[in-house]
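Please keep the sequence and the three-dimensional view at hand while reading.

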Amino acid sequence: MEILQLPSVPDSFYDSLGYPKEGKCSDIVVISEAEAEAFYEAAAECFRMVDAATEYVIENGLLRQMGIPAYMDAVIKRTYEDYRRHPHMIGRFDFAGGVDGVPIKLLEFNADTPFSIFEVSTVQYALAKFHGLDPDTRQCNRLFETLQDFFVYLRQQHPHTSALFTNAADGEDDLTTQIIREAAGDVMPGDYLHWTDVCIDRHQGVCSVDAGGQYIRNLYNVVIKMVPWDLLFLEDELMARELVRSMDEHPDLVVCNPPYAAVYQSKALAAVMWDLFPDSPYLLRSSMKPLQTKSYVRKPIWGREGRNIAVFENGDCLAQTDGFYKNQPELFQERAQMASDGRHFYQAGVFISMEEPCALGFRRSTSPVITTDDELCGHILRQPS
């Protein structure tokens, strides 16, 4: 595995991007054009299987098995069937392998509010530019441009919009939403609020209110929500129910990512995908019951950030992470071979928007369990010899 070990960039470089420096590195993964194409092909095919499995779940009444509450059933079915007006904005497939002949295997689909949008769209491009590596022609990175295309499409579907961009009060989420708002630009300008400042009026829908919380200032019919559906129905059920009720009573209200993204996001979907597509070269054996295999991974179905994951080999736990996602149903998944440079394990992330792969980035760790605390690496395409 070829890694360019480049000199560290000055702190002022990250400061100019408004970006925290923790967990970042200047190393860049070098891949061939064929390897890059294979990652994109894997993402496109995996999305096809995710979507087919989601349709199967909805048609066969399996949403409870995905960990989704009953009050979301109707809005998930409606928005999925009307997906052209309720398009999936952005997600990220995490893959093992894909480099030096190691097979590409799907680890999971971060389908709703994926991390690393800012890092992949902006930081890896700027790092390559800083070192004179020509990312304009040697990097798989159209994330920002694809988001621009998404908002053009969304505006065509909903010409009369009043848009709201919102996220949890968190620095990383602020950066992510900043990039998305910039991509929306003049095509779909809108207000910006932290999620805790958003109001859902019983009669009029999603809105902002005055400082005293008494009078409605703006009503919104498009909500770009960088707060995952599962976080709402697990930790803020009142707001989840109110948002669903508002979408039911105001059919023109559009929320991105749409409610059916919760099905995409549930790791329990991997077990359905395995049942439907056992011959896929990209899928790992997955089940909601313990696997009779020597090497496997156990993960909570709503886990994020690489938390609460355990890796087992011959009955022994090789690695385990703590976190906030305890007491959930768990997925058992065959362990995949990770790409490695001998010191680190590498995980590829391929972003996808409206079914189209649009960007590639890497995260690495000395542990076989990769978390959001681990290093992010850009990539560059190897120049033909």
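Helices of at least four residues and strands of at least two are DSSP runs, numbered from the N terminus. With this numbering, Glu305 is found in the loop between strand E13 (295-300) and strand E14 (310-313). The model discussed here is predicted. The points below are grouped by topic.

**Backbone geometry**

- Most residues other than glycine have a negative phi, and most peptide bonds are trans.
- Glu305 is not a glycine, yet its phi is positive, at about 65°.
- The relative accessibility of Glu305 is 24%, so this residue counts as partly exposed.
- Asp100, also not a glycine, has a positive phi of about 55°. Its place is in the loop between strand E3 (91-96) and E4.
- The peptide bond that joins Cys256 and Asn257 is cis, with omega at about 0°. Asn257 belongs to the loop between strand E11 (254-256) and H10.

**Cysteines**

- A disulfide is a covalent bond between the sulfur atoms of two cysteines.
- The structure holds zero disulfides.
- Cys46 is buried, because its relative accessible area is 0% and buried means under 20%.
- Cys317, by contrast, counts as partly exposed, at 37% relative accessibility.

**Cavities**

- Three cavities of 30 Å³ or more are present in the structure.
- The largest cavity contains about 170 Å³ of space.
- This largest cavity is lined by 18 residues, and those closest to its centre are Leu106, Leu107, Glu108, Ala270 and Met273.
- Strand E4 (105-110), helix H10 (261-265), helix H11 (269-276) and strand E16 (330-334) each give two or more residues to the lining.
- Sorted by class, the lining of the largest cavity comprises 12 nonpolar, four polar and two charged residues.

- His344 lies in the loop between strand E17 (339-340) and strand E18 (345-353).
- Is His344 buried or exposed? Its relative accessibility is 7%, so His344 counts as buried.
- Which residues are in contact with His344, leaving aside its neighbours within four places in sequence? They are Ala339, Arg364, Ser365, Thr366 and Glu375.

Definitions and conventions. Residues are numbered from 1 along each chain as its sequence is written. This is a predicted model: local features need pLDDT of at least 70, side-chain atom pairs count only at pLDDT 80 or more; totals for chains, interfaces and linings use all residues. Side-chain values use heavy atoms; hydrogens and water are left out. Buried means under 20% relative accessible area, exposed over 50%, partly exposed in between (1.4 Å probe, protein chains only). Contact means heavy atoms within 4.5 Å. A disulfide is a pair of cysteine sulfur atoms within 2.5 Å. On a 1 Å grid over the protein atoms alone, a cavity is a set of points where a 1.4 Å probe fits but cannot get out, and a pocket is an open set with protein on both sides within 12 Å along at least five of seven lines; lining residues have an atom within 4 Å of a point. Grid points are joined across faces, edges and corners, and a volume is the space filled by probe spheres set on the points. Ala, Val, Leu, Ile, Met, Phe, Trp, Tyr, Cys and Pro count as nonpolar, Asp, Glu, Lys and Arg as charged, and the others, Gly among them, as polar.
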